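Subject: Structure handover and findings

Hello,

I am passing a structure on to you, together with notes on what was found in it. Please look through the model first and then read on.

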Amino acid sequence: MTSSSARQKTLGDPALDDDGEAMVAVEQRNHRDIPETPYGVMAAKALNVYYGDFLAVRDVTLEFGHNEITALIGPSGCGKSTVIRCLNRMNDLVSSARVTGAVTYHGQNIYDRDVDPIEVRRRIGMVFQKPNPFPKSIYDNVAYGPRVTGMKTKNLDEVVEQALRGAALWDEVKDKLKQNAYGLSGGQQQRLCIARTIATQPDVLLMDEPCSALDPIATSRIEDLMMELRQQFTIIIVTHNMQQAARVSDRTAFFTAQADDTTGNRTGLLVEYDKTATIFSNPKDKRTEDYISGRFG
Ligand SMILES: Nc1ncnc2c1ncn2[C@@H]1O[C@H](COP(=O)(O)OP(=O)(O)OP(=O)(O)O)[C@@H](O)[C@H]1O
Ligand SMILES: [Mg+2]
């Protein structure tokens, strides 16, 4: 935004662009003070990600705040999923993927040789775009993580109940825990996947477009749930829904893709990272402004 101070908007208002047109109307349900700079649980440092020779994302440096929700937004192909997958070494599972730079978790580079990726994924859990419950009972879905990771629990029933309560699903499923998870609605399945993830007691939750397969009511439930989970977890969410980013997140990182002059390859980069209120009402970079006002992407 060029001369923005005169028309700073709060997030309840539709921001206006230079022509006086309404930008994306955003509502913030999330009024709370956060520090100017995040108290970082995790950070990406000079992160580059290649698929074979193709540089998909370059030079991403980003700090994720403790008990905050950070939204990653930007046009399709700018590398949001690539970045979020790096944060718990999910890209290890893509054979052509290569990561340089560092991702630190409580100061430790998770890409160090002696770090166990399974342990990384237990502490930094992930929820995917499409609900992906296992073809097992509701109970066994949630108990799966504690069982396979050999988590020491006195009472697995209690762990399952706590996780289902944490995911705001308990009341809907408490009488049918032995039924197959496929019998649940899409929104319930996604909350089950959240329960399955939090059952292993991670402290970071990564969510890659967790609501894109859900209707508005189920989406709203997941958003409410995220705001509750934030008290316990650090959450990083990729979303295409700018209202959602504005509603739930504390900070927003805007990415875009830029074509290389010689090869024409489009590489993702981080344009701007700030408090969500600032990104949506007073962005510093023209590219951010164009994107949030719907002129691009
Ligand atoms: N497994 C892969 N192998 C090769 N290239 C990939 C792979 N995954 C992603 N890419 C490429 O990396 C770039 C970034 O893709 P990515 O999926 O991270 O973007 P995105 O921002 O999540 O997009 P969308 O909003 O459509 O989900 C794209 O050019 C994409 O084609
Ligand atoms: Mg993606």
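Overview

Please keep in mind that this is a predicted model. The protein has ten helices and twelve strands. It is made of 297 residues, and 43% of them count as buried. If contacts with a separation of 6 or more are taken, 70% of those in the protein are between residues 24 or more positions apart.

Strand E5

Strand E5 covers residues 69-73. Five of its five residues are buried, so the strand is largely enclosed by the rest of the structure. The burial applies to both faces of E5: Ile69, Ala71 and Ile73 lie on one side, Thr70 and Leu72 lie on the other, and all are buried.

Which strands pair with E5 in the parallel sense? One is strand E10, residues 234-238, which runs parallel to E5 and is joined to it by four bridges. In this pairing, Ile237 of E10 stands opposite Ala71. Another is strand E11, residues 251-259, which also pairs with E5 in the parallel sense, over four bridges. Here Ile73 has Phe254 of E11 opposite it.

Strand E3 (residues 40-51) pairs with strand E4 (residues 54-65) in the antiparallel sense, over eight bridges. Gly40 has Gly65 in E4 as its bridge partner. The two strands form a hairpin, with two residues between them. In the turn, Gly52 has a positive phi of about 60 degrees.

E3 is also joined to strand E6 (residues 97-105), again by eight bridges, and these two strands run antiparallel. Val49 has Val99 in E6 as its bridge partner.

Lys45 is a residue of strand E3. Is Lys45 buried or partly exposed? It has 14 other C-beta atoms within 10 Å; a residue needs 20 or more to be buried and 12 or fewer to be exposed, so Lys45 is partly exposed. Leaving out residues up to four places away in sequence, Lys45 touches Thr61, Gly101, Ala102 and Thr104. Lys45 and Glu63 are 18 residues apart in sequence, and their C-alpha atoms are 8.4 Å apart in space.

H3 makes the contact with Tyr139, Val142, Ala143 and Pro146, and H4 with Leu156, Val159, Val160, Ala163 and Leu164. The contact of H3 with H4 has nine nonpolar residues, no polar ones and no charged ones.

Two loop residues with positive phi

Asn67 is in the loop between E4 and E5. Its phi is near 55 degrees, a positive value in a residue other than glycine. Asn67 has 17 C-beta neighbours inside 10 Å and so counts as partly exposed.

Glu209 lies in the loop between strand E9 (204-208) and H7. Glu209 is not a glycine either, yet it has a positive phi of about 45 degrees. Where Asn67 is partly exposed, Glu209 is buried, with 20 other C-beta atoms within 10 Å.

Regards

Notes
Residues numbered from 1 in each chain as written. Chains lettered and ligands numbered in written order. Predicted model: local features only at pLDDT ≥ 70, side-chain atom pairs only at ≥ 80, totals over all residues. Pairing = 2+ DSSP bridges. Contact = placed C-beta atoms within 7 Å. Nonpolar A, V, L, I, M, F, W, Y, C, P; charged D, E, K, R; others polar.
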